[in-house]
Amino acid sequence: MLVGHQPKDFLLAVSGLTVSFDGFKAVNDLSFYVEENEIRVIIGPNGAGKTTVLDLICGKTRATSGSIQFRGQELTKLRENEIVQAGVGRKFQTPSVFEDLTVFENLEISFPRGRTVFGSLTFQRDDTVKQRVEEVAEMIFLKDRLNTYADQLSHGQKQWLEIGMLLIQDPDLLMLDEPVAGMSVSERAKTAELLNRIIKDRSVLVIEHDMKFVEDIAHKVTVLHQGQILSEGTMEHVKNDPKVIEVYLGH
Amino acid sequence: MINSRFFNRSELLGFLALAVLLFLILPLSLDIFRLNLVAKYLTYAFVGIGLVLCWGYGGILSLGQGVFFGLGGYCMAMYLKLEASSVANTKIQSTPGIPDFMDWNQLTSLPFFWKPFHSFPVTLLAILVVPAFFALIIGAAMFKRRVGGVYFAIITQAIAAILTILIVGQQGYTGGINGITDLRTLHGWDIRTDHAKFILYFVEVVLLFGCIVAAQFIRLTKLGRILVAMREQEDRVRFSGYSVANFKIFAFCAAAVFAAIGGAMFTLEVGFMSPSFVGIVPSIEMVIYTAVGGRMSIFGAVWGALLVNFAKTSLSESFPQLWLFGLGALFIAVVLAFPNGLSGIWADHIQPRIDRLLASRKSKSAAGLIADGAPAE
């Protein structure tokens, strides 16, 4: 279909996205586009609808109207696991790892193979899996903790483990919800280093409050306010936008 | 590296201890009446193994396992009843060749769903397939709609109640409240003799070990780890690319099949099947056996079924009114004090002591040989 075809091939095209909870529009007619290999940061005051946008993209929340196109595939009609299989990975705000499993097992579950019931019954822990798990474990600074149960990790280590679990999925679009929240200064620096390494060859959508961190990594910033886009552009542009200064940075 | 053996050391010990108990000690020390009672207790161990997978690992509490126990048991009972209702045996009925209770209820021909149970192979298949299919439908209806936790438990309980009412109400087709009684032969072999009971006991124990191995196999695959993962972080599993509903359906179906095998063996051991093993109370009792034994341990479930039923028999022989209160109190005590049941007590309190004892003995004997003392393990 040529009518309405995007002139440029966006990885993610969100258009007219609206979700209302009992009449309250948490996200209201939102449109934005993410290019291949772009790092986009979403900022905005509390209740602006940032997390809801990620929930909508990954299928956790169903859109009331609008469309989310990922590589030309309509995501609003897919189930969560199908969206993951299409290549979208999501990290939650609070670290959600499997505490009763070891670091190795956590990463292994995220390895993109044997995702059906019978596939997982016949799944073999072969050298490819082991190598990949060890490779990722090294990246997330947990190489010597492979046999540790995840409930014994620190908060920061759990965050890294979850990032590792996303990494092993090898998604084309990585969505991170406040990846450095609650981390110590040294953990924060390590995480920034980790993120800078893993964002190569993929697009990333990040929600973050830490402005220094945003400035470091963002290609483009989208400012949300009351479910709508207030401003969009480079960090420099956004910082100098009077509307943004009024509702967000000025406080 | 993570343990890659099928059983670790303590599981292997548990396996051997159970094998020695069930294959040697009990058959050699008990008379046939008591051995048959043990066989009856063990039929609940099958249900327990299923509950360990489904509830302990997958976090899906089903309060309706009696449904599947009953379906397995009724499938077997229908076959045995048809065999016992040959034309020669039932020539005094107004319609010879159909089960006696059908004749009493003015049925003049065998209902269509009874006909396949003339065949022994079909019956064996039905014992596995009918409950699995039933669980598949319930599971798909519930889990695809994200019904879980307490709501799921209540619905399974309602299904147990409905099935009981259905069986009791449709007397002509099911034998009603009395169930299907007066069962005599299995494929021409009289199951009522002491010798048959002895053989059946061993058949059941072999099947039980088959189920233990099957459950252990499932537990050790990636599917087993996904069940654990799902129990604590359902969303993370979903966002790792898995269809959580399908895994829950699988666990529920597997538990149903294990329960059905137990039910079929129950019919053979006890010689009848009735709705009193299908409803709410037996279903909850099955959960209690598993909780007492330890819902995270396959062997614990077997011990739980054996010990609680043993206590039930001995206590209800002497204090018939008190038993139900005792069972309730036991359940509350276990849940409050020992959430992992007997196997948890073993793993947390007894096993470490044995290990320490062994280690100190080993280091003493090793000290005599090597000056450095014992190795770390």
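A residue is counted here as buried if 20 or more other C-beta atoms lie within 10 Å of its own, and as exposed if 12 or fewer do. The model described below is predicted.

**Chain A: overall form**

Chain A holds ten helices and ten strands. Its radius of gyration is 19 Å, close to the 18 Å that the globule rule gives for 251 residues, so chain A is as compact as a globular protein of that length. Along the principal axes, the C-alpha atoms of chain A fill a box of roughly 50 × 45 × 35 Å. Buried residues make up 42% of the 251 residues of the chain. Where contacts in chain A link residues at least 6 apart in sequence, 66% of them join residues at least 24 apart.

Helix 1 of chain A spans residues 50-58 and is mostly covered, with eight of its nine residues buried. The buried set consists of A:K50, A:T52, A:V53, A:L54, A:D55, A:L56, A:I57 and A:C58. After helix 1 of chain A comes A:G59, which has a positive phi near 90°.

A:V84 belongs to helix 2 of chain A, residues 80-86. A:V84 counts as buried because it has 25 C-beta neighbours inside 10 Å. Leaving aside residues up to four places away in sequence, A:V84 touches A:G89 and A:Q169 in chain A, and B:F239, B:S240 and B:G241 in chain B.

**Strand pairing in chain A**

One open sheet of chain A has four strands in the order 2-1-4-5, with antiparallel pairing. Strand 2 (24-34) and strand 5 (73-74) are its edge strands, each pairing on one side only. Within this sheet, strand 1 (residues 12-21) and strand 4 (residues 65-70) run antiparallel and are joined by five bridges. A:S15 stands opposite A:S67 of strand 4.

Strand 7 of chain A, residues 173-177, has parallel partners in strand 6 and strand 8. Four of the five residues of strand 7 are buried, which leaves the strand mostly covered. The bridges described for chain A are set out here.

| Strands of chain A | Sense | Bridges | Example pair |
|---|---|---|---|
| Strand 1 and strand 4 | antiparallel | five | A:S15 and A:S67 |
| Strand 6 (residues 88-91) and strand 7 | parallel | four | A:V88 and A:L173 |
| Strand 7 and strand 8 (residues 203-207) | parallel | five | A:L176 and A:V206 |

From strand 7 the chain passes through helix 7 (residues 185-198) to strand 8, forming a right-handed β-α-β crossover. The loop between strand 7 and helix 7 of chain A contains A:E178.

**Two residues with positive phi**

Most residues other than glycine have a negative phi. A:E178 is not a glycine, yet its phi is positive, near 45°. With 20 C-beta neighbours inside 10 Å, A:E178 counts as buried.

B:R146 is likewise not a glycine and has a positive phi of about 60°. B:R146 lies in a loop of chain B, between helix 5 (120-143) and helix 6 (149-169). B:R146 is exposed, with 11 other C-beta atoms within 10 Å.

**Where chain B meets chain A**

The contact between the two chains involves 21 residues of chain B and 26 residues of chain A. On the chain B side, helix 9 (222-232), helix 10 (234-238) and helix 11 each supply at least two residues. Helix 9 of chain B gives the most to this side, with seven residues. By class, the chain B side comprises nine nonpolar, six polar and six charged residues.

**The largest nonpolar core**

The largest nonpolar core has 163 residues, and the members that touch the most others are B:A45, B:I49, B:A251, B:A255, B:F258 and B:A260. Helix 11 of chain B (residues 244-270) contributes the most to this core, with 20 residues. Helix 11 is also one of the helices that supply at least two residues to the side of chain B touching chain A.

What does B:A255 touch, not counting residues up to four places away in sequence? The contacts of B:A255 are B:G50, B:L51, B:L53, B:C54, B:S62 and B:Q65.

Conventions. Residues numbered from 1 in each chain as written. Chains lettered and ligands numbered in written order. Predicted model: local features only at pLDDT ≥ 70, side-chain atom pairs only at ≥ 80, totals over all residues. Core = buried A, V, L, I, M, F, W, Y, C linked by C-beta atoms within 7 Å. Contact = placed C-beta atoms within 7 Å. Nonpolar A, V, L, I, M, F, W, Y, C, P; charged D, E, K, R; others polar. Pairing = 2+ DSSP bridges. Right-handed = clockwise from strand over helix to strand, strands pointing away. Rg over C-alpha atoms; globule rule 2.2 N^0.38 Å.
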